[in-house]
Amino acid sequence: GGHNFRDTGGYRTASGRTTRRGVFYRSASLANLTPRGMSQLQALRVAAIIDLRSTQERRADMSNWLAASGQGYWTRDYSLDQTGFAAMFGDPAKLTADTVRSAMAQGYRSMPKMLAPSYRELFARLLAGKGAVVVNCTAGKDRTGIGTALALTALGVPYETVREDFLLSNQAISSQFSRTPGAGGIDERSAAAFAALPPDVVRLLAGVDGTYLDAAFEQIRSEYGSVEGYLAKELGVGPRELARLRRRMLI
């Protein structure tokens, strides 16, 4: 019942260390896990689930087992701004690979600031070291992709490797996901129009492109000078916290 669920362990850092397995997982929505999937999740000794989905997305799946799971479930109420995508879907002529790539990149530029409260909680749970942490959104590729990229960067994983991890979400895309209402933060009406779209447009909407993550990190560097500057100012993760994070999450 899960989708795009994977361990972030096994990556080499610039200093030659390796990210620890069984500590930090990334995923799409966990709301539709089967009983077997729930058992598998419990076996991972998960101490925290950071759900990045918006209020509307969580209401749409009508699932409440996560909050009662006893696995440190955390989320917050907020709304996604879908104005740009609504305008594009209202005029099919605007739906080209270039316009979609540009719109997605612009959305990524806004996420580090918009999701800062959630990313702050994610890092707090990683620093707590009480067990495995899972971060998820609806598709596990955009908001989760940036959050994971920030964590891996904080651990010293080179950006080239971080980007490769980000792009692995494309391997999890299926035709079923492409038809899922709310996929990637797109509303039901927009998702229903996927079937009529050109394949290259669908790929850019339902999947990820390296330029998306590039845009997010470019925005971070523009506003904060560096990823470290962002971590310190927005997430409260300074040199002392980074050192503690690396002690826990690297081997």
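Which helices are included in what covers the buried residues of helix 11? The structure considered here is a predicted model, in which local features need pLDDT of at least 70 and side-chain atom pairs count only at pLDDT 80 or more, whereas totals for chains, interfaces and linings use all residues. Residues are numbered from 1 along each chain as its sequence is written, and side-chain values use heavy atoms, with hydrogens and water left out.

Helix 11 comprises residues 210-224, 15 residues in total, and spans 21 Å from its first C-alpha to its last, close to the 21 Å expected at 1.5 Å a residue; the expected span is 1.5 Å times one less than the number of residues. Helices (H or I, at least four residues) and strands (E, at least two) are DSSP runs, numbered from the N terminus. The buried residues of this helix are Gly210, Tyr212, Leu213, Asp214, Ala215, Ala216, Phe217, Ile220 and Tyr224, where buried means under 20% relative accessible area, exposed over 50%, and partly exposed in between (1.4 Å probe, protein chains only). Their cover includes helix 4 (97-114), helix 6 (143-154), helix 7 (159-167), helix 10 (199-206) and helix 12 (227-235), contact being defined by heavy atoms within 4.5 Å. Helix 11 is followed by Gly225, which has a positive phi, near 90°.

Rings of Phe, Tyr and Trp (its six-membered ring) pair if their centres lie within 6.5 Å, and planes under 30 degrees apart count as stacked, over 60 as edge-to-face and the rest as tilted. A search of the whole structure finds 5 aromatic pairs. One of them, between Tyr108 and Phe166, is edge-to-face, at 6.0 Å centre to centre and with 90° between the planes. Because Tyr108 lies in helix 4 and Phe166 in helix 7, this pair ties together parts that are 58 residues apart in sequence; both Tyr108 and Phe166 are buried. Tyr212 is buried, as is Tyr108, and Tyr108, Phe166 and Tyr212 form one aromatic cluster.

Salt bridges, in which a side-chain nitrogen of Lys or Arg lies within 4 Å of a carboxyl oxygen of Asp or Glu, number 14 in the whole structure. Since Arg109 lies in helix 4 and Glu218 in helix 11, the pair ties together parts that are 109 residues apart in sequence. Arg109 is partly exposed, with a relative accessible area of 26%, and Glu218 is partly exposed at 38%. Glu223 forms a salt bridge with Lys113, the closest N and O atoms being 3.8 Å apart, and this pair links helix 11, which holds Glu223, to helix 4, which holds Lys113, across 110 residues. Glu223 is partly exposed at 41% relative accessibility, and Lys113 is partly exposed with a relative accessible area of 45%. Elsewhere, the side chains of Arg58 and Asp77 meet in a salt bridge of 3.0 Å, N to O; Arg58 belongs to helix 2 (residues 55-61) and Asp77 to the loop between strand 4 (73-74) and helix 3 (83-90), 19 residues apart. Arg58 is buried, with a relative accessible area of 16%, whereas Asp77 is exposed at 58%.

The sheet is open and is formed by 5 strands in the order 1-2-5-3-4, with mixed pairing; two strands pair if DSSP finds at least two bridges between them. Its edge strands are strand 1 (6-7) and strand 4, each of which pairs on one side only. Strand 1 and strand 2 pair in the antiparallel sense over 2 bridges, and the bridge partner of Asp7 in strand 2 is Tyr25. Strand 2 and strand 5 run parallel and are joined by 4 bridges, with Val134 as the bridge partner of Tyr25 in strand 5. Strand 3 (residues 46-51) and strand 5 (residues 132-136) pair in the parallel sense over 5 bridges, and Ile50 stands opposite Val135 in strand 5.
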